[in-house]
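Take a look at the sequence and the model first.

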Amino acid sequence: GDFISNYAKGGEDEISGGAIYNCVQIESITGNFIGNYAKATGEGAVSYGGAIYNKAEGNLTVLTVIAKDGKNITFSGNTADYGGAIYNEAYYVDKYGGEVYGIYPTILKLNAEAGHSITFVGDDTDDNVDSVYNAGTLLINEADGDTVYSGDVNFKKVINASTGIMKGNFASGTLVNRGVWHPELSSNTFSIDATVKLAKDDGADTGGTIDIAYSGFNTDEDDNTDYTSPKYDAKTSFNEATVSNLTINDGVLRIQSDLAQNMADKLIATALTLGDNAELKIQVMFDPSFDSSELLTEGVTVFTANSITGGKSLSDLIVNSKLTIANAEYYAKPTFDISGNDIILTGVKLIPIPAGDATQNPDITEYSIIEDQKLNDDWGKLAREKDQETDKEMPREFNVEGNDNTIDGDSHTGLVFGQTEDGERDNVKIENVTIAN
């Protein structure tokens with residue numbers, strides 16, 4: 001049935017779910033949501049989810065909104081301070097006395113069968129009307145076993161929060177992406193008629209990520225899908241992803257590459273707008289088999305903008321290469337050129353992993369050598385490997401490729417280089433870098 005003119009209203013600090021407040025109980029729902037609202041009347045109080053508020057607490061919550069059997073779904077005139085139509089809460093962490101017992105994701109699925117649609121009607125200039133706010137995991141047209149969904153999901157505006165994971169494509173609308181968005185890549189290419197913003201214009205700590213290296217979710221110890229843990233497998237086929245409008249204030253493009261075959265994923269922006277503080281960080285992920293210190297005999301275009309507006313050109317972007325563990329022996333440092341409206345992956349330099357890092361620091365998976373002309377504190381987090389016979393610390397070895405940058409030696413607060421307990425010094429090699437102070 002339809003949900004019309006329902007409301008949740010009160011003076012409490014938080015008011016949630018004008019028509020539906022779901023915590024585990026509801027699994028699937030269909031119907032129109034018209035004129036529902038959540039309103040907090042207390043001073044400084046806020047409201048969430050004008051039509052639907054979805055959360056997990058002590059258990060996995062999966063709510064599916066589905067258009068099928070000749071029934072399309074419309075959200076119209078629903079209002080709240082956050083998520084005028086739907087607010088999907090962040091994952092729930094169950095802990096006591098500092099010990100974590102479980103992490104329970106909040107999953108929202110928007111599925112439309114072929115020939116069907118889910119449409120959010122409101123004006124995209126007002127975030128309070130018919131918007132979707134995702135702080136958990138949002139899956140669009142996620143296949144269910146052998147059932148494939150190919151209908152249209154038409155957003156007014158979806159805000160993917162810094163904790164949000166969003167997977168799949170939508171037919172139209174605006175995405176303000178502050179979390180991670182995994183577009184669904186076909187075997188060839190896809191495009192969406194939508195505006196995508198990698199932005200932190202709400203004062204959030206980080207810009208968003210467009211991740212086309214994604215290949216699914218990992219499973220937990222019980223072989224259940226872990227919706228908080230994206231998976232990155234080596235790929236043999238590569239794809240183009242096209243967005244009609246892309247605004248960059250701050251963000252990351254994460255691509256998959258096959259260096260041995262000079263191939264990589266590619267993102268195309270039909271129209272690119274660069275904000276005053278635009279910064280695009282490109283992270284290359286791969287699982288190669290190689291023994292060379294430099295790879296790629298040809299440049300591979302990983303980003304193209306057909307037209308560019310705003311106060312900057314593509315050459316003004318700071319392309320901040322990150323280190324990604326390629327295998328147990330090397331870091332991989334990608335290098336780029338900018339040619340016209342293209343960003344081209346030109347090579348990868350391998351840097352030996354400091355002794356003990358791969359085995360003793362499994363959670364530290366990537367480093368930047370230089371960020372904002374400063375040495376990154378992560379270098380100080382590397383554990384020292386111990387000699388198996390003497391149980392004494394061994395010195396670490398660093399090979400720093402500076403890419404002709406000048407870095408501020410006084411800016412670093414962590415341990416960069418040092419010595420073992422017995423006074424044996426670390427072995428350091430620095431190339432193409434000027435250290436000030």
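Are Glu-142 and Lys-167 buried or exposed? Glu-142 is buried, and Lys-167 is too; buried here means under 20% relative accessible area, exposed means over 50%, and partly exposed is what sits in between (1.4 Å probe, protein chains only).

## Ground rules

This is a predicted model, so to speak of local features takes a pLDDT of at least 70 and side-chain atom pairs count only at pLDDT 80 or more, while totals for chains, interfaces and linings use all residues. Residues are numbered from 1 along each chain as its sequence is written, and side-chain values use heavy atoms, with hydrogens and water left out.

## Salt bridges

Searching the whole structure turns up five salt bridges, each one a side-chain nitrogen of Lys or Arg within 4 Å of a carboxyl oxygen of Asp or Glu. One of them joins the side chains of Glu-142 and Lys-167, at 2.7 Å from N to O. Glu-142 sits in the loop between β18 (137-140) and β19 (152-160) and Lys-167 in strand β20 (residues 165-167), so this pair ties together parts that are 25 residues apart in sequence. Strands are DSSP runs of E with at least two residues, helices are runs of H or I with at least four, and both are numbered from the N terminus.

Another salt bridge has the side chains of Asp-211 and Arg-254 meeting at 3.0 Å, N to O. That pair links distant parts of the chain, with Asp-211 in strand β24 (residues 208-211) and Arg-254 in strand β28 (residues 251-258), 43 residues apart. Asp-211 is buried, because its relative accessible area is 0%; Arg-254 has 15%, so Arg-254 counts as buried as well. Then there is Glu-240 with Lys-266, at 4.0 Å from N to O. Here strand β27 (residues 240-248) supplies Glu-240 and strand β30 (residues 266-274) supplies Lys-266, 26 residues apart. Glu-240 counts as partly exposed, because its relative accessibility is 32%.

## Surface patches

Asp-220, Glu-221, Asp-222 and Asp-223 gather in a surface patch of negative charge. Patch members have over 30% relative accessible area and no salt bridge, with like charges joined within 9 Å and nonpolar side chains (Val, Leu, Ile, Met, Phe, Trp, Tyr) within 5 Å. Asp-220 is in the loop between β25 (217-219) and β26 (225-230), and is partly exposed, with a relative accessible area of 32%.

There is a nonpolar patch too: Tyr-91, Val-93, Val-100 and Ile-103 make about 330 Å² of surface, with areas from the Shrake-Rupley method and a 1.4 Å probe. Val-100 belongs to strand β14 (residues 99-104) and, at 47% relative accessibility, counts as partly exposed.

## Loop details

Where does Asn-32 sit? Its place is in the loop between β5 and β6 (33-34), and its 15% relative accessibility makes Asn-32 count as buried. A polar atom of the Asn-32 side chain lies 2.8 Å from the backbone nitrogen of Thr-74.

Two non-glycine residues have positive phi values worth a glance. Val-24 has phi near 80 degrees and lies in the loop between β4 (20-23) and β5 (28-29); at 31% relative accessibility, Val-24 counts as partly exposed. Asp-130 has phi near 60 degrees and is found in the loop between β16 (117-120) and β17 (132-134). With 1% relative accessibility, Asp-130 counts as buried.

Methods:
Lys, Arg positive; Asp, Glu negative; His and termini not counted. Charge placed at Lys NZ, Arg CZ, Asp CG, Glu CD. Polar contact = N/O pair within 3.5 Å; in protein donor to acceptor, adjacent residues only side chain to side chain.
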